[in-house]
Amino acid sequence: MKNPVQLNQFLTENKQRTLQYLRNAFPTLSGDETEDVYQDSSITLYQNFCKGKLTDLTCTLYTYFLRICINLSLKLLNKRERMLTVAIGDGGIGTVAVPYDVLEQAMQFNDDSETMRIQQLKRRLVSAIIEEMSEQCRHLLVSHYVEGQRWSTIAKKYGLANAETAKSIAFRCRKKFREKYKSLAEKIEGLTKD
């Protein structure tokens, strides 16, 4: 990449390809969010070009740019998924972080005794799901979201290839938790309405 005109041409030629990749890889992002990620990534690429960081790439420019897009998408998803620390087991054996947005309804209290009973069932459900998670999932999520460790530190600690691998596994763990919680919470609400 020799000049900004070539960089602009690269971005123009690869825009639709990149947006399609982001839509497939991150289906929970809205169309506007995907566009924002693309624009922010383009700005970051331009800034890196101005700083001379593109002269010694060890991969293709597209791979480098796509990595920027993926990182910004993950940051956006992590901001969206505020985390809540929940005790594991009745005896408070340990703690684990779970997405707050999934539990928001379950953690609200009101005076209706039936609603309170549902809320208690949902809290027990959260603890049960966390206990059933693999040891690796519990360790990764607790290390990052509760203890605040960096992904690179976590990868070394648990013998993973790199920080990206640790993030990827943690993302899948959070996704499995959300799916299982949603499915079981709907069953609980169905049982209590009868």
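This section describes the overall fold of a predicted model, then the pairing of helices H1 and H2, and finally the surroundings of Ser 143 and Gln 149.

The secondary structure of the predicted chain consists of eight helices and two strands. Along the sequence these elements follow the order α-α-α-β-β-α-α-α-α-α. The chain has 194 residues, of which 37% count as buried. Among contacts with a sequence separation of 6 or more, 58% are made by residues 24 or more positions apart.

Helix H1 spans residues 4–25 and helix H2 spans residues 31–50; the two pack at an angle of about 150°, and their axes lie 10 Å apart. The crossing of H1 over H2 is right-handed. On the H1 side, the contact is formed by Pro 4, Leu 7, Phe 10, Leu 11, Thr 12, Lys 15, Thr 18, Leu 19, Leu 22 and Arg 23. These meet Thr 34, Glu 35, Val 37, Tyr 38, Gln 39, Ser 42, Leu 45, Tyr 46 and Phe 49 of H2. By class, the residues in this contact comprise 11 nonpolar, five polar and three charged.

At 1.5 Å a residue, its 20 residues should span 28 Å, and the end C-alpha atoms are 29 Å apart, which agrees. The buried residues of H2 are Thr 34, Val 37, Tyr 38, Ser 41, Ser 42, Leu 45, Asn 48 and Phe 49. Because they cover an arc of only 135° around the axis, they fall on the same side of H2. An α-helix has 3.6 residues a turn, so residues three or four places apart point the same way. Just after H2, Gly 52 adopts a positive phi of about 80°.

Ser 143 belongs to helix H6, which covers residues 135–146. Its relative accessible area is 2%, and the residue is therefore buried, the cut-off being under 20%. Leaving aside residues up to four places away in sequence, Ser 143 touches Gly 148, Gln 149, Ile 154, Lys 157 and Tyr 158.

Gln 149 is located in the loop between H6 and helix H7 (151–157). With a relative accessible area of 18%, Gln 149 also falls under the 20% cut-off and so counts as buried. Beyond residues up to four places away in sequence, Gln 149 touches Ser 143, His 144, Ile 154 and Lys 157.

Note on methods: Residues numbered from 1 in each chain as written. Predicted model: local features only at pLDDT ≥ 70, side-chain atom pairs only at ≥ 80, totals over all residues. Heavy atoms only, no water. Axes fitted to C-alpha atoms, helices over the stretch in contact; angles between N-to-C directions. Helix = DSSP H or I, 4+ residues; strand = E, 2+ residues; numbered from the N terminus. Left-handed = near helix turned anticlockwise from the far one by under 90°. Contact = heavy atoms within 4.5 Å. Nonpolar A, V, L, I, M, F, W, Y, C, P; charged D, E, K, R; others polar. Buried < 20%, exposed > 50% of the residue type's maximum accessible area, 1.4 Å probe, protein only. Expected span 1.5 Å × (residues − 1). Arc of directions from axis to C-beta.
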